[in-house]
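I list what I looked up, in the order I looked.

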Amino acid sequence: MTTNATALIAPSTGAAFERGQIPRRDLGADDVRIAIAYAGICHSDIHQVRSEWGPGTFPMVPGHEIAGVVTEVGPEVTDFQPGDRVGVGCFVDSCGECEPCQASEEQFCTRGTVMTYNSQEYSGEPTYGGYSTEVVVRAGYVLRIPEELSLDAAAPLLCAGITTYSPLRHWNAGPGKRVAVVGMGGLGHMAVKYAHALGAHVTVLSQTRSKEDDGRRFGADDYRATSEDGTLESLRGSFDLIINTVSADVDLDALLATLTLDGVLVFVGLPENPQSLSVFSLTSARRVVTGSNIGGIRETQEMLDFSAEHGIAAEVEVISADDVDAAYERVLRSDVRYRFVIDVDTL
Ligand code: NAP
Ligand code: ZN
C-alpha cells in the first residue's frame, strides 16, 4: 500500500520536468512523514538528470535539500512529532552496522548508502527526492531544523551546508589557517561563511570579480579572479587548505602550487571527467589531494545547530516549480546567487 505525492519528474536524460504522481510508502513503525515546504536545487541534481555521472534511473525526481514539517510519525518514533520543523539531506538509509555507520559516517556505508533519489531502498524500490509534496523517511535519517533558521534558507544546508562544513572541520579550518574556496556558487558561498565563522583567513578564487562584494559580505578576507593573468602564480604557497567546489575541469598543478608545505586540497566538486596532475606537485611540498562526500547524520545536525548559533544560512532565490528548467540553465551559466530553492506549494 502506498500514497501518492505530486512531484516534478524528469522522464528521461536531460528532458524537461513534468508534473506527475509518485508513490510514497505507507508509514512504517520508525518512519516519519514530512510535508515538504522547500527543496534546494543542487548542481548534483543537474549532473544526475543529465546522466553526467553515468546513466541515471528514470523517471527521476531529484532533490536532496529538503525542508518541511512532520505530519505523522510511526509508533516507534520518539524523537519527532507532528509540527516539528525538519530536514532530509542526500541519503535516507544505510546499514547501520558497518564501521562507518557505527561512527555516524553513514555516507560511507560499506553496504551502500541509500541515496535520497536516483537510488534504491534495500527492498529494491526506487527512491524519489524532494521536488515533491511529501516524503516518508526513517526517523534516524531526519534532521531537526532549529527555530532560528527559516525553512527556505535552511534547505540548502542539508547538502551545500554539510558538504562544506564537514571538510572544513575534518581538516581543522580555524584561527591561523588560510583557507581558499574555489568557485563561489551554492557550495562555495557556504564554504566561505563556515570557514569565516570557524575563524580561518578566507580567500575566494572565483572566475571573475563580479561577486566580490558578496564574497566579502559572506566573510572573505581576500577575493581573487582566476580569469586575470597571474592570479594563481601570485598566490604560490599561500594556503593551508583549499576547498574546490568547481564542477568543471581544473588546472590542478596550478592550484596545488598555491598550497603551503603539507597543504591539503579537498575536492567536493564532482567533475564528470577524470582529473590529472603532476606527481611533482605533491612531492615538492608533501601536499595532499583528497575528497569529501557530504557528511554523516550526527555531523549534519551539528552543522545545523552551528548555523543557528552563528546566524548562518544559505542565500536563496525562491522559485516556482514552473521555473526549474530555467533555473538549471542559470546554474550551468554560473548565474546563481547563490541557491535556487523550489517553493513546493507551487507544485
Ligand atoms: P554551482 O552552484 O554551480 O557552483 C559551482 C561554481 O563553480 C560556480 O558558481 C562557479 O563559481 C564555478 N564554476 C563553474 N563553472 C566553472 C568553470 N568552467 N571553471 C571554473 N569554475 C567554474 O554548483 P554547486 O551546487 O555548488 O555544486 C558544485 C559541485 O559540487 C558539483 O559538481 C556538485 O555535483 C558537487 N557536489 C558535491 C557534493 C559532495 O558531497 N562532494 C555535494 C554536493 C555537490 P564562480 O562563478 O565563483 O567561478
Ligand atoms: Zn547536493
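I count a polar contact as a pair of N or O atoms within 3.5 Å; within protein, one must be able to donate a hydrogen and the other to accept it, and residues adjacent in sequence count only if both atoms are side-chain atoms. The model is predicted, so I note that local features need pLDDT of at least 70, side-chain atom pairs count only at pLDDT 80 or more, and totals for chains, interfaces and linings use all residues. Residues are numbered from 1 along each chain as its sequence is written, chains are lettered from A and ligands numbered from 1 in the order in which they are written, and side-chain values use heavy atoms, with hydrogens and water left out.

Entry, ligand contacts. I began with the polar contacts of ligand 1. A backbone N or O atom of L187 is 2.8 Å from an oxygen atom of ligand 1. I also found a polar side-chain atom of H43 at 2.7 Å from an oxygen atom of the ligand, and a polar backbone atom of V268 at 3.0 Å from a nitrogen atom of the ligand. Alone, ligand 1 exposes 910 Å², of which the protein buries 89%; accessible areas come from the Shrake-Rupley method with a 1.4 Å probe, and for residues only the protein chains shown count as cover.

Entry, ligand shell. A residue is near a molecule or strand if one of its heavy atoms lies within 4 Å of it. I find 29 residues around ligand 1, and H43, S206, K211, I294 and R339 come nearest. The shell divides into twelve nonpolar, 15 polar and two charged residues. Here Ala, Val, Leu, Ile, Met, Phe, Trp, Tyr, Cys and Pro count as nonpolar, Asp, Glu, Lys and Arg as charged, and the others, Gly among them, as polar. Helices (H or I, at least four residues) and strands (E, at least two) are DSSP runs numbered from the N terminus. Helix 1 (43-49) and helix 5 (186-197) each supply at least two shell residues; helix 1 gives the most, with three.

Entry, domains. Which domains does the assignment give? It lists domain 1 (2-157 + 314-346) and domain 2 (161-291), with bounds from an automatic or database domain assignment. Their C-alpha centres lie 28 Å apart. Twelve residues of domain 1 are in contact with 19 residues of domain 2, contact meaning heavy atoms within 4.5 Å. Both domains give residues to the shell around ligand 1, so the ligand lies between them.

Entry, backbone. Most residues other than glycine have a negative phi, and most peptide bonds are trans. I noted a cis bond joining F58 and P59, with omega about 0 degrees; P59 lies in the loop between helix 1 and strand 4 (66-73). The bond from R337 to Y338 is also cis, with omega near -10 degrees, and Y338 sits in the loop between helix 10 (324-332) and strand 17 (339-343). N118 has a positive phi, near 55 degrees, in the loop between strand 7 (114-115) and strand 8 (134-138).

Entry, T260. I place T260 in strand 14 (residues 259-267). Its C-alpha atom is 6.9 Å from that of A285, 25 residues apart along the chain.
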